[in-house]
Amino acid sequence: MIIGMRSARRPDRAAALGSGNPQTQAGEHLTAGTGWNVFSYLIAGMLTYGGLGWLISHFTHISLFFPIGMLVGLAISVGWIIYRYGRPFEQGNPPKGDDR
Amino acid sequence: MTGAVAAAAGGCHIFSGCGYPAPSLDNFIFTPIFSIGSFHFTKPMLLAILSALAVIVFFWAAFAKPKLIPGRTQSLGEMGLLAVRDQVLRPALGKKGDAYLPFIISLFFYILVCNLMELIPLLQFPVMSRIGFVWPLVLMMYGLYWYLGFKAKGFFGYFRSWIPSAPWPILIILVPVEILKYVVVQPFTLGVRLFANMFAGHLLLSIFMVATWYLASFSVGLLYAAGSLFMVFFVFLLELLVDLLQAFIFTTLISTYIADSLEHQH
């Protein structure tokens, strides 16, 4: 569906991807679950570094490490999501995200 | 019959001196239909079996003797099959994923029928709002896509495929996130999403149904009862959408995870 939208808006790029029937090509270019993958990354990042922060605050008795850890985790997730799914096609990067 | 509904059915109306019998967790606990020793057979179990039977019987009727010019049941079956194939399976797995079509179809329609049980009069309970039915399903799916990952990439190869291609300082930061994503977040969100939606939906429907009954009396309450009845219809339609959507999301995610297990490119 998303690929179809892409080919309507940017036929040149759709052609560059070499996509014939979008549904047969979609296996190589994952689309449907990408949003949920992003969601998983957001939670996993906060959970990992929030957990780490919680552990540190538990042992040091400085409660600030827990929220800091969560924010750091969120930042890492967002950064990774942008790197993995948001790289512009024009720069010669293979499409990695939703808009494939 | 659950506590709140029983109280309402027993003539508990507004201005009759009894408070609103609010639906609660009691609505999700049933007295056993029968018991064998310490095993209690309850309504959700019966509905789960009925759902499975409904799916089996429908697809049996549709495809046991397929004809070139399909009859009504076969047409309906084909419509469902093609919808799931084109909207769920192919976007994630592509054409090579057609091998998983029977599995995904069965899963989709089983969850859908289980969910729709909340809207069928007299049955009126979504099986998946009991988390005991959701976790085994999630565990099975979890086992499946891990198994497929091991089969496709080898034991260590599968774990290696979790590691994204990035410079090593970034890897130190990212690998814990990736591990937690695969081991905890994916199965957890898969299960909780389905359970919580069904749980909340059933509670919402119960609240307005009981409220309609409670407010119905020869007083100004009748006006409110009408409003509540409208909400029952509204939530009913909403739940119809949610039931379909949850079955769709669950199977879409499973297809995505299977695709992820079979080939993982960062």
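This is a predicted model: local features need pLDDT of at least 70, side-chain atom pairs count only at pLDDT 80 or more; totals for chains, interfaces and linings use all residues.

**Around F109(B)**

Leaving aside residues up to four places away in sequence, F109(B) touches V55(B) and G80(B). F109(B) belongs to helix α4 of chain B. F109(B) counts as buried because 23 other C-beta atoms lie within 10 Å, against a threshold of 20 or more.

The neighbouring residue in sequence, F108(B), has its own set of partners. With residues up to four places away again left out, F108(B) touches V84(B), V88(B), A247(B) and T251(B).

The next step out is the core. The largest nonpolar core has 40 residues, and F108(B) is among those with the most contacts inside it, together with I104(B), I111(B), C114(B), M128(B) and I254(B). At least two residues of this core come from each of α2 (43–63), α3 (72–93), α4 (101–116), α5 (131–153), α7 (168–215) and α8 (221–262) of chain B. The helix that gives the most to this core is α4(B), with 10 residues. Apart from this core there is another, of 13 residues, which includes A44(A) and M70(A) as well as L174(B) and V185(B).

An α-helix has 3.6 residues a turn, so residues three or four places apart point the same way. As for its length, α2(B) has 21 residues and should span 30 Å at 1.5 Å a residue; its end C-alpha atoms are 30 Å apart, which agrees.

Two packed helices are described by the angle between their axes and the distance between the axes. For α5(B) and α7(B), the angle is about 145° and the axes are 9 Å apart. The crossing of α5(B) past α7(B) is right-handed. On the α5(B) side the residues that meet the partner helix are I131(B), V134(B), W135(B), V138(B) and Y142(B), and on the α7(B) side they are P187(B), L190(B), G191(B), L194(B) and F195(B).

Finally, the setting in the chains. Chain B contains 8 helices and 2 strands, in the order α-β-β-α-α-α-α-α-α-α along the sequence. Its C-alpha atoms fill a box of roughly 70 × 55 × 45 Å along the principal axes. Of its 266 residues, 35% are buried. Among contacts in chain B with a separation of 6 or more, 62% join residues 24 or more positions apart. Chain A has 5 helices and 0 strands, and 31% of its 100 residues are buried. In chain A, residues 24 or more positions apart make up 48% of the contacts with a separation of 6 or more.

How values were computed:
Residues are numbered from 1 along each chain as its sequence is written. Chains are lettered from A and ligands numbered from 1 in the order in which they are written. Helices (H or I, at least four residues) and strands (E, at least two) are DSSP runs, numbered from the N terminus. A residue is buried if 20 or more other C-beta atoms lie within 10 Å of its own, exposed if 12 or fewer, and partly exposed in between; C-beta atoms are placed from the backbone. Two residues are in contact if their C-beta atoms, placed from the backbone, lie within 7 Å. A nonpolar core is a set of buried Ala, Val, Leu, Ile, Met, Phe, Trp, Tyr and Cys residues joined through C-beta atoms within 7 Å. The expected span of a helix is 1.5 Å times one less than its number of residues. Axes are lines fitted to C-alpha atoms, for helices over the stretch in contact, and angles run from 0 to 180 degrees between N-to-C directions. A crossing is left-handed if the near helix is turned anticlockwise from the far one by less than a right angle, and right-handed if clockwise.
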